[in-house]
Amino acid sequence: MNLLSNADQQEIAKFDRVSRMWWDTGGPMRMLHVINPLRSAFILGQIELPRPKILDVGCGGGILSEALAHAGAEVTAIDLSQPTLEAARRHAAAHGLGIDYRYMSVEQIAQEAEGGFDALTCMEMLEHVPEPSEVIAACARLLKPGGQAFFSTIDRSLKAFLFAILGGEYVLRLLPRGTHQYRKLIRPRELREWAQRSGLEFTAIASLLYNPLTGRFRVAPGKADVNYMACFIKKR
Ligand code: SAH
């Protein structure tokens, strides 16, 4: 298998085009900035190690990678958008953060660092790849036994179509148009099945609920809604 083949070049190109705006909190990535404290708390609240070795898969400009590094994690972060990684490196350097950013696919790093991480995050990325189940399998290989994997994505449901695509991209314009394609969204049951097949046990799920009146999100633990995140543990 070509280790770079599980990537959609049109998707990567979308992120290449906005690479200079990752850290503009009012720009196209503003929703990631808004939800970042909530998802970071969900992740960090479940990791017990004081200085975990974490891999951030599809890290983008490093919005989550930096939050993890600030919390004391030793972070390696990978992405396949070269200009995005450059933006991430520049931002981390300017803030004195030693994050190891690498241009690599998760399938590539799984070959050289199998069992190398205490935890792994793969947020808002699975819905942009051709074979998300393959990404999950590679993620599972990268974890130590007992290691934790965190995934977030968007449900493939009528509600998600109305809220995330129509509402989010066209009505409220919270996200750039074309960010998500309905058929690539992922049902929570699919995510759980793929994870289970890769030797990952489900431990927790939560959703980020958006209130259009206040413009704020809140975390709904235990709920699989439009934008959900889940935690799994690699069997020992
Ligand atoms: N995880 C980050 C960024 C999400 S945006 C966050 O939540 O803040 C999705 C990112 O996935 C983009 O940076 C894009 O370049 C990357 N991506 C898409 N397909 C990928 C692939 N096959 N391998 C690695 N990264 C990929």
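Student: Let's start with Y210: buried or exposed, or in between?

Tutor: Keep in mind that this is a predicted model. Y210 counts as partly exposed, because its relative accessibility is 27% and the buried class stops under 20%.

Student: And what about F217, buried or exposed?

Tutor: F217 is buried, since its relative accessible area is 18%, under the 20% cut-off.

Student: Switching to ring pairs, how many aromatic pairs does the structure hold?

Tutor: Six aromatic pairs. One of them joins Y210 and F217, with 4.8 Å centre to centre and 50° between the planes, so that pair is tilted.

Student: Which rings link up into a cluster?

Tutor: F151, F202 and F232 do, through ring pairs. F202 also has the charged end of R192 over its ring, 3.6 Å from the centre.

Student: What lies over the face of F117?

Tutor: K53, at 5.3 Å from the ring centre.

Student: OK, ligand time. Which residues are closest?

Tutor: N6, R39, G58, D79 and M123 are the closest of the 17 residues around the ligand. That shell divides into 10 nonpolar, four polar and three charged residues.

Student: How much of the ligand's accessible area does the protein cover?

Tutor: 98% of the 570 Å² that the ligand has on its own. Helix 1 (9-17) and helix 2 (30-44) are the elements giving two or more residues to the shell.

Methods:
Residues are numbered from 1 along each chain as its sequence is written. This is a predicted model: local features need pLDDT of at least 70, side-chain atom pairs count only at pLDDT 80 or more; totals for chains, interfaces and linings use all residues. Side-chain values use heavy atoms; hydrogens and water are left out. Rings of Phe, Tyr and Trp (its six-membered ring) pair if their centres lie within 6.5 Å; planes under 30 degrees apart count as stacked, over 60 as edge-to-face and the rest as tilted. Buried means under 20% relative accessible area, exposed over 50%, partly exposed in between (1.4 Å probe, protein chains only). A charge sits over a ring if NZ of Lys or CZ of Arg is within 6 Å of the ring centre and within 35 degrees of the ring normal. A residue is near a molecule or strand if one of its heavy atoms lies within 4 Å of it. Accessible areas come from the Shrake-Rupley method with a 1.4 Å probe; for residues, only the protein chains shown count as cover. Helices (H or I, at least four residues) and strands (E, at least two) are DSSP runs, numbered from the N terminus. Ala, Val, Leu, Ile, Met, Phe, Trp, Tyr, Cys and Pro count as nonpolar, Asp, Glu, Lys and Arg as charged, and the others, Gly among them, as polar.
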